Amino acid sequence: MLTIVEGVLDSDELQHFRQQLQAASWQEGVISAGSLARTQKHNQQLDDRSGVAVSLGNQLLRRLGATPLFVSAALPNRIFPPRFNRYAQGGTYGAHVDGALLQLAGSPTMLRTDLSATLFLSDPDDYDGGELEIEGAFGVQSVKLPAGDMVLYPASSLHRVTPVTRGERLAAFFWVESMVRDEGERTLLFDLDQTIQALTVTVGAADANLMKLSAVYHNLLRRWAIT
Ligand code: NI
């Protein structure tokens with residue numbers, strides 16, 4: 001399942017993020033690539049430990065917690081601290097799969113990457129190329145979103161970023177370890193939750209059948225979630 005979450009950041013927040021990122025010092029993205037992805041990655045990335053990365057990352061995490069569509073789709077257990085990248089002057093990232101396990105800084109524990117997320121920070125009119133292409137069961141889907149919007153996709157997918165031939169593409173990206181590891185189960189819960197939300201508007205929250213449907217959602221979540 002590929003989920004688009006619109007308006008994660010508003011225009012004031014976007015302006016703040018862009019200003020901070022324009023003034024930041026960037027390093028070559030290849031530093032953090034795995035051995036197979038190393039030859040594929042041609043972009044720039046913010047040092048994870050820099051003050052700008054930490055402060056913008058925390059700001060983004062707070063927004064995500066207040067974004068119901070993200071919570072419904074990802075059912076996050078833990079989120080890897082957001083990172084920031086920049087593609088310009090032909091910058092690209094060839095086909096690769098993200099690593100399954102990531103070490104959390106300053107912690108002995110690993111985070112399992114169930115979902116990958118990219119939040120677009122640049123206006124799509126300001127650059128050419130830079131599409132995120134994701135391979136799925138129904139072929140390749142090409143994603144290039146308005147600034148402030150985010151795509152969530154299975155971290156198991158093969159994906160690439162096409163060369164940016166004009167302007168620059170700024171983005172935040174991160175991984176989610178979900179309480180529901182299985183993608184099929186997570187998709188069923190998401191569909192059920194979205195249906196319940198829509199019915200709440202049309203029939204009202206007190207409807208007896210809607211309450212039964214809500215009980216089914218919570219009982220499935222109780223059965224499948226691992227915290
Ligand atoms: Ni990737």
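**The helix pair and the pockets**

Mentor: Happy to! Keep in mind that this is a predicted model. From helix H4, the residues Glu185, Leu188, Leu189, Leu192, Asp193, Ile196, Leu199, Thr200 and Val203 make contact with Leu210, Leu213, Ser214, Val216, Tyr217, Leu220, Leu221 and Trp224 of helix H5. Sorted by class, this contact consists of 13 nonpolar, 2 polar and 2 charged residues. H4 covers residues 183-203 and H5 covers residues 208-224. Their axes come within 10 Å and cross at roughly 155 degrees. Because angles over 145 degrees count as roughly antiparallel, H4 is roughly antiparallel to H5. As for handedness, the crossing of H4 and H5 is left-handed.

The largest pocket has a volume of about 510 Å³. Its lining comprises 31 residues, and Tyr93, His96, Asp98, Phe173 and Trp175 lie nearest the centre. Strand S17 (168-178) is among the elements that give two or more residues to this lining, and S17 gives the most, with 6 residues. By class, the lining of the largest pocket has 16 nonpolar, 11 polar and 4 charged residues.

The second largest pocket has a volume of about 350 Å³. It is lined by 16 residues, of which Asp48, Arg49, Phe80, Pro81 and Ala105 are the closest to its centre. Helix H2 (51-65), S6 and strand S8 (101-103) each give two or more residues to that lining, and H2 gives the most, with 4 residues. The lining of the second largest pocket divides into 9 nonpolar, 3 polar and 4 charged residues.

Terms used
Residues numbered from 1 in each chain as written. Predicted model: local features only at pLDDT ≥ 70, side-chain atom pairs only at ≥ 80, totals over all residues. Heavy atoms only, no water. Axes fitted to C-alpha atoms, helices over the stretch in contact; angles between N-to-C directions. Parallel < 35°, antiparallel > 145°, perpendicular 65-115°, else oblique. Left-handed = near helix turned anticlockwise from the far one by under 90°. Contact = heavy atoms within 4.5 Å. Nonpolar A, V, L, I, M, F, W, Y, C, P; charged D, E, K, R; others polar. 1 Å grid on protein atoms, 1.4 Å probe; cavity = no way out; pocket = protein on both sides within 12 Å on 5 of 7 lines; lining within 4 Å. Points joined across faces, edges and corners; volume = space filled by probe spheres on them.
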